[in-house]
Amino acid sequence: MSSLEQTPYEPYKRYLLEIAYDGGNYSGWQIQPHCLAVQEVLQKILTKMYAGLPIHLIGSSRTDAGVHAQRFAASYLTPVRPDIPPDKILRAVNRQLPVDIKLRTVREVPLEFHARYDALGKAYTYVLNLGAPSPFVDRYSWVPYHRMDVAKIRAAAQELVGTHDYSSFVVERSMIDDAVRTIFRIDVTEIGQFCCCTFVGNGFLYKMIRCLMGTLEAAGSGKLDPAAVRRILEARDRSVAPETAPPQGLFLMKVFYSEEERANFRLDGLPFCF
């Protein structure tokens with residue numbers, strides 16, 4: 001038990017939640033002063049369900065303000081009493097959540113499980129709207145500044161795949177010890193008027209996907225060729241890369257806890273229509 005996080009009650013079980021949320025009204029996943037976070041909303045409901053015992057959720061990562069999630073992962077330790085089964089947690093919490101946050105799954109995992117450190121990777125999808133702006137989709141996509149060539153986006157994306165130092169694509173580099181990550185693949189998929197770029201990697205740095213998308217948008221417009229994208233990557237310098245893409249087009253799609261589910265993940269449709 002010594003390796004578990006501290007709780008004011010005796011830990012009994014650990015539940016893992018998969019959470020979908022529209023991030024437009026939140027400061028991100030993690031609780032912060034003076035703004036509303038998804039974690040805060042969920043913890044208040046769970047604490048009430050457990051008779052006022054303070055429930056603390058450990059998230060698999062953070063998400064920025066305005067970023068969405070299809071299957072964000074977070075876990076918590078349950079007390080001995082009340083002992084509430086996962087199916088009842090799912091139904092009861094969803095009844096109390098606002099319309100922009102919902103639980104997808106609740107399951108028991110080993111007590112020693114850690115939502116962040118046991119993760120083997122994540123998938124994110126960024127949505128570009130290549131058609132006309134719309135009040136119904138602009139909340140979930142980015143209308144690029146220029147006409148896009150999807151073939152150029154796809155070619156540039158391949159320059160970013162692999163194990164690299166991604167210092168050119170991270171905000172606040174001085175706050176990070178190591179910028180080396182592995183991107184296993186970047187799938188570029190056209191669905192109607194939308195171009196979806198899905199990143200599957202072992203982990204991503206602060207605003208890294210949005211920084212990468214700023215570069216892919218520049219490549220799609222013809223301002224950068226694939227060789228220039230490679231030079232930006234190898235420079236390890238944020239100042240040489242294009243600006244950061246806005247948050248509303250980004251979705252955390254899935255957190256992986258097995259290599260099989262990571263290898264098999266594919267985008268099934270538009271993230272905001274699932």
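User: Why does D83 count as partly exposed?
Analyst: D83 has a relative accessibility of 35%. Buried means under 20% relative accessible area, exposed means over 50%, and partly exposed lies in between (1.4 Å probe, protein chains only). At 35%, D83 therefore counts as partly exposed.

User: What kind of model is this?
Analyst: This is a predicted model, in which local features need pLDDT of at least 70 and side-chain atom pairs count only at pLDDT 80 or more, while totals for chains, interfaces and linings use all residues. Residues are numbered from 1 along each chain as its sequence is written, and side-chain values use heavy atoms, with hydrogens and water left out.

User: Where is D83, and with which residues is it in contact, leaving aside its neighbours within four places in sequence?
Analyst: D83 lies in the loop between β3 (68-79) and α2; helices (H or I, at least four residues) and strands (E, at least two) are DSSP runs, numbered from the N terminus. Apart from neighbours within four places in sequence, D83 is in contact (heavy atoms within 4.5 Å) with Y12, K13 and Y15. K13 is 70 residues away along the chain, with 9.0 Å between the two C-alpha atoms.

User: What makes the pair of D83 and K13 a polar contact?
Analyst: The term requires a pair of N or O atoms within 3.5 Å; within protein, one must be able to donate a hydrogen and the other to accept it, and residues adjacent in sequence count only if both atoms are side-chain atoms. The side chains of D83 and K13 are joined by such a contact of 3.3 Å. Another, of 2.9 Å, joins the side chains of D187 and R185.

User: Why does D187 count as partly exposed?
Analyst: The relative accessibility of D187 is 24%, and it therefore counts as partly exposed. D187 belongs to strand β7 (residues 180-191). Beyond four places in sequence, its contacts are C196, C197, T198 and R266.

User: Why are α1 and α2 called oblique to each other?
Analyst: The axes of helix α1 (residues 38-49) and helix α2 (residues 86-96) come within 10 Å and cross at roughly 125°. Angles under 35 degrees count as roughly parallel, over 145 as roughly antiparallel, 65 to 115 as roughly perpendicular and the rest as oblique. The two helices are therefore oblique. L42, I45, L46, K48 and M49 of α1 make the contact with I89, A92, V93 and Q96 of α2. By class, this contact has seven nonpolar, one polar and one charged residues.

User: Why are α3 and α4 also described as oblique?
Analyst: Helix α3 (residues 150-158) and helix α4 (residues 208-220) pack at an angle of about 135°, with their axes 8 Å apart. The pair is therefore oblique. In the contact, K152, I153, A156 and A157 of α3 meet L216, A219 and G220 of α4.

User: Which bond joins R81 and P82?
Analyst: Most peptide bonds are trans. The bond between R81 and P82 is a cis peptide bond, with omega about -5°.

Key. Axes are lines fitted to C-alpha atoms, for helices over the stretch in contact, and angles run from 0 to 180 degrees between N-to-C directions. Ala, Val, Leu, Ile, Met, Phe, Trp, Tyr, Cys and Pro count as nonpolar, Asp, Glu, Lys and Arg as charged, and the others, Gly among them, as polar.
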